[in-house]
Amino acid sequence: MRSVQPVRLLRPVVFVGMMGSGKTAIGRALASRLGCGFVDSDAAIEAAAGCTIAEIFERDGEAFFRARESEVLSRLMAGGPRVISTGGGAFMAERNRATIDAAGAALWLKADPALLWERVRHKSTRPLLRTPDPRGTLERLCRERDPVYAEAGLCLEARPGDSIERTTDRVIALLADRPDILETRT
């Protein structure tokens, strides 16, 4: 891998993909390396609502949550160059894909269902996995969502055993090929 020195993020980079793919961890690390802001859209939704995503789902339903998610994403995209991680379902809405595409770049952090399961199976904060067969639900969501995630302009495969630092290096190398997104020097 060539040595790339990131200089400046020019547009928002939005991490999309399944729960457990590492969007928040890699997003935070990338923002730190680039010296720019980082926002987790789910955390922004929770802050605005004064409750957790799970509570919003339970109290108001998924449709209400998805509408708030779109509003928050639009606001975040208008905030200029930064790194944004989204919830797993955010990219499923066509309006969200259009919002991201108009102002920034979507980066699909792709992960195998077995890796995702290893990362999320002990977490109780995933409302969509509160089913009698959470692993089967996760696998079904991957089958349904992967074709839509594939519409992202950028894709990076999450690899088992790769550290956050190594994955962040790979993201920077990927972004370095996009001078409309990341200004670099070699």
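1. Let me start with the second largest pocket, whose lining consists of Arg11, Phe91, Arg97, Ile100, Asp101, Gly104, Ala105, Ala106, Glu151, Ala152, Gly153 and Arg178. A pocket here is an open set of points on a 1 Å grid over the protein atoms alone, with protein on both sides within 12 Å along at least five of seven lines, and lining residues have an atom within 4 Å of a point. The model is predicted: local features need pLDDT of at least 70 and side-chain atom pairs pLDDT 80 or more, while totals for chains, interfaces and linings use all residues. Numbering runs from 1 along each chain as its sequence is written, and side-chain values use heavy atoms, without hydrogens or water.

2. The second largest pocket holds about 150 Å³ of space, a volume being the space filled by probe spheres set on the points, with grid points joined across faces, edges and corners. Helix α5 (94-103) and strand β5 each supply at least two lining residues, and α5 gives the most, with 3. Helices (H or I, at least four residues) and strands (E, at least two) are DSSP runs numbered from the N terminus. The lining has 5 nonpolar, 2 polar and 5 charged residues; Ala, Val, Leu, Ile, Met, Phe, Trp, Tyr, Cys and Pro count as nonpolar, Asp, Glu, Lys and Arg as charged, and the others, Gly among them, as polar.

3. The largest cavity has about 30 Å³ of space. Around it sit Met18, Ser21, Trp108, Leu109, Lys110, Ala111, Leu116, Asp146 and Tyr149, which divide into 6 nonpolar, 1 polar and 2 charged.

4. Now for α5 and its neighbour: at what angle do α4 and α5 pack? Helix α4 (residues 62-77) meets α5 at about 5°, with the axes 10 Å apart; axes are lines fitted to C-alpha atoms over the stretch in contact, and angles run from 0 to 180 degrees between N-to-C directions. The two helices are therefore roughly parallel (angles under 35 degrees; over 145 is roughly antiparallel, 65 to 115 roughly perpendicular, the rest oblique). Contact (heavy atoms within 4.5 Å) involves, among others, Arg66, Leu73 and Met77 of α4 and Arg95, Ile100 and Ala103 of α5. By class, this contact has 5 nonpolar, 4 polar and 3 charged residues.

5. Finally, helix α6 (residues 113-120) packs on helix α7 (residues 134-149) at about 135°, with axes 10 Å apart, which makes α6 oblique to α7. Their contact includes Leu116 and Trp117 of α6 and Leu138 and Cys142 of α7, and it counts 8 nonpolar, no polar and 2 charged residues.

Terms used
On a 1 Å grid over the protein atoms alone, a cavity is a set of points where a 1.4 Å probe fits but cannot get out, and a pocket is an open set with protein on both sides within 12 Å along at least five of seven lines; lining residues have an atom within 4 Å of a point.
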